Amino acid sequence: MPLLAKTSEGKAAQVEQLIAPTLASMGFDIVRVMIMGGEEQKTLQIMAEHSDLKQIMTVENCSDISRAVEAILEVEDPITGAFRLEISSPGIDRPLTRLSDFDRFSGFHAKIEMAVTVDGRKRFTGRLLGVEENAVHLDLEDEEAEVYLSFQDMSRAKLVLTDELIAAAQAGS
């Protein structure tokens with residue numbers, strides 16, 4: 001079965017499994033779940049967006065998600081010790097965590113970091129050209145080359161903030 005998303009890992013993945021059904025029933029998809037910081041100042045960060053991608057996230061949406069997540073975590077208690085809960089939208093220069101994100105944002109610039117070396121390097125920046133099977137097609141414009149990067153082998157990816165991306169966000173695409 002192909003890997004379709006990298007939205008969390010470790011303890012954050014456990015939290016995601018607990019909250020995902022509730023968020024889905026509320027009309028939201030999880031973009032990323034992360035636990036950051038040490039034992040003294042731990043933060044649980046949840047990025048979410050509307051399942052209907054035409055809707056924008058509001059402060060009220062984040063507040064609704066926060067209340068639902070707090071109720072689940074109060075009962076399930078998957079994180080030891082105190083932590084701060086942070087709910088947000090992914091923003092314009094968002095992380096790309098699902099294979100479908102690379103198709104959705106085809107034509108825009110992205111930075112991709114690989115877990116393994118590809119052609120002698122781990123970091124790539126270029127224009128997204130979509131997905132073929134489980135590989136992201138990227139145009140390395142500065143090098144006049146194209147590369148296919150295995151989604152399975154990616155460690156991180158995000159959109160690059162450009163005038164083109166800002167204009168598309170303002171236009172509602």
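Trainee: Why is F102 counted as buried?

Mentor: Buried means under 20% relative accessible area, with exposed over 50% and partly exposed in between (1.4 Å probe, protein chains only). F102 has 0% relative accessibility, so F102 counts as buried. Keep in mind that this is a predicted model, where local features need pLDDT of at least 70, side-chain atom pairs count only at pLDDT 80 or more, and totals for chains, interfaces and linings use all residues. Residues are numbered from 1 along each chain as its sequence is written, and side-chain values use heavy atoms, leaving out hydrogens and water.

Trainee: What makes F151 buried or exposed?

Mentor: F151 is at 2% relative accessibility, so F151 counts as buried. Across the protein, 39% of the 173 residues count as buried.

Trainee: Why are the rings of F102 and F151 called edge-to-face?

Mentor: Rings of Phe, Tyr and Trp (its six-membered ring) pair if their centres lie within 6.5 Å; planes under 30 degrees apart count as stacked, over 60 as edge-to-face and the rest as tilted. The structure holds one aromatic pair. The ring centres of F102 and F151 are 5.9 Å apart and their planes stand at 75°, so the pair is edge-to-face.

Trainee: Which parts does the pair tie together?

Mentor: F102 sits in helix α3 (residues 99-104) and F151 in the loop between β7 (145-150) and β8 (154-159), so the pair ties together parts that are 49 residues apart in sequence. Helices (H or I, at least four residues) and strands (E, at least two) are DSSP runs, numbered from the N terminus. The protein has four helices and eight strands.
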